[in-house]
Amino acid sequence: MQVAPPTTHTPETQTQLFRYVLQLADTSLILAHRLSEWCGHGPILEQDLALANIALDFLGEARSYYQYAAELEGQGRTEDDLAYLRSAVEYRNPLLVEQPNGDFAATIVRQFIYDTFHYHLLQQLQAGPDTQLAAIAEKSVKEAAYHLKWSSEWIIRLGDGTEESRRRVEQAIASLWRYAGELTTPNATEKELQAAGLVPDYAAMLPQMEAHVARVFEEATLPVPQGVFMQKGGKDGRHTEHLGYLLTELQYMQRTYPGLTW
Amino acid sequence: MNQSEWPLWEVFIRSKQGLDHKHVGSLHAADAEMAIQNARDVYTRRLEGVSIWVVESSHVHASNPDDAAAFYEPANDKIYRHPTFYQVPDSIKHM
């Protein structure tokens, strides 16, 4: 594989970029962990495998971001240090991805909201000026395209399925849509990097994202939620109570046996 | 979700361009689109394929094993049906 020369940044930009990449890494890792919780509990064998496949895609993407973040920080921390030895308030994932799996409909709605953002983000990132991020995005966007297809098909089947599936998917939308807005609301780090043209402008992505949601919801015969008050804070370290429990499990081995390796 | 309500599908995968689709197994899905996605997740995780066909199992009609004697054994003594049964005259080239 041909490796593009790394992009050089000023120290200030490098720090901002470190925070941004860490945010992407945390998001992928936490969502991967949530999806991996389905392993062995999927509603049918085929979907159990699908969920595990998607979890592994996100885990792979998280590793690429953590490795790049560690490089940007330049303090000698490794990808494992960043993943296993930071506390909940240091985690920078949006609130959406740490929400519990709930029933299958809740997992699908959470996934659909994130996939819609993720796919459009990677499309922009792969054409962006940072060569490392572009390379990671180029690899991941194919996976993300499949994830989006998968979760979209499930929204349609659950919404336009049985009375029970519709009731559950409506309930999931009612409780999870409030976490959608944070994805496209830039925090201070994102604002600065967007102004510098280093990361995608979310406002420019919104029309395409909204069009996709409208198309899928229409086919699913579901109304697109309007005027929902959006929660935020995860990207600045203010999390819901669920993240601590998740990290307790995720980090158990390294916390209990520091430095343990396979 | 009651799995028994979902029909069974037979899955055929083409491993490379130019090769035939081969039967690889079966799975449950609510419809054809889901069957293809499930097949992708179950049967192509290790680069097994470049194309997927799915057919609802109820559309496959099979021969009856009880008919095996009547169907296949009569061919046993018909070796003249193989091209190798015939001697090619020396004067014929490029066979």
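User: Happy to look at this predicted model with you. At which residue does α6(A) bend by about 35°?
Analyst: Good place to start. The bend compares axes fitted to the seven residues ending at a position and the seven starting there. In α6(A) the angle comes to about 35°, and the residue is Ser140(A).

User: How far apart are the end C-alpha atoms of helix α6 of chain A, and what span should its 29 residues have?
Analyst: Helix α6 of chain A covers residues 131–159. At 1.5 Å a residue, its 29 residues should span 42 Å. The computed separation of the end C-alpha atoms agrees with that, at 40 Å.

User: Which residues touch the most other members of the largest nonpolar core?
Analyst: Nonpolar side chains tend to be buried together in soluble globular proteins. Here the largest nonpolar core holds 64 residues. Elements of chain A giving it two or more residues include α1 (11–36), α2 (45–73) and α6. The members that touch the most others are Val21(A), Ala25(A), Tyr65(A), Ala69(A), Val109(A) and Ile155(A).

User: Leaving aside neighbours within four places in sequence, which residues is Tyr65(A) in contact with?
Analyst: Contact here asks for C-beta atoms within 7 Å. With the sequence neighbours within four places set aside, the partners of Tyr65(A) are Val21(A), Leu24(A), Ala25(A), Ser28(A) and Ile136(A).

User: Which element gives the largest share of the side of chain B that touches chain A?
Analyst: Nine residues from chain A and 13 residues from chain B make up the contact. On the chain B side, β2 (21–28) and α1 (32–43) each supply at least two residues. The largest share is six residues, and they come from α1(B).

Key:
Residues are numbered from 1 along each chain as its sequence is written. Chains are lettered from A and ligands numbered from 1 in the order in which they are written. This is a predicted model: local features need pLDDT of at least 70, side-chain atom pairs count only at pLDDT 80 or more; totals for chains, interfaces and linings use all residues. Helices (H or I, at least four residues) and strands (E, at least two) are DSSP runs, numbered from the N terminus. The expected span of a helix is 1.5 Å times one less than its number of residues. Two residues are in contact if their C-beta atoms, placed from the backbone, lie within 7 Å. A nonpolar core is a set of buried Ala, Val, Leu, Ile, Met, Phe, Trp, Tyr and Cys residues joined through C-beta atoms within 7 Å. A residue is buried if 20 or more other C-beta atoms lie within 10 Å of its own, exposed if 12 or fewer, and partly exposed in between; C-beta atoms are placed from the backbone.
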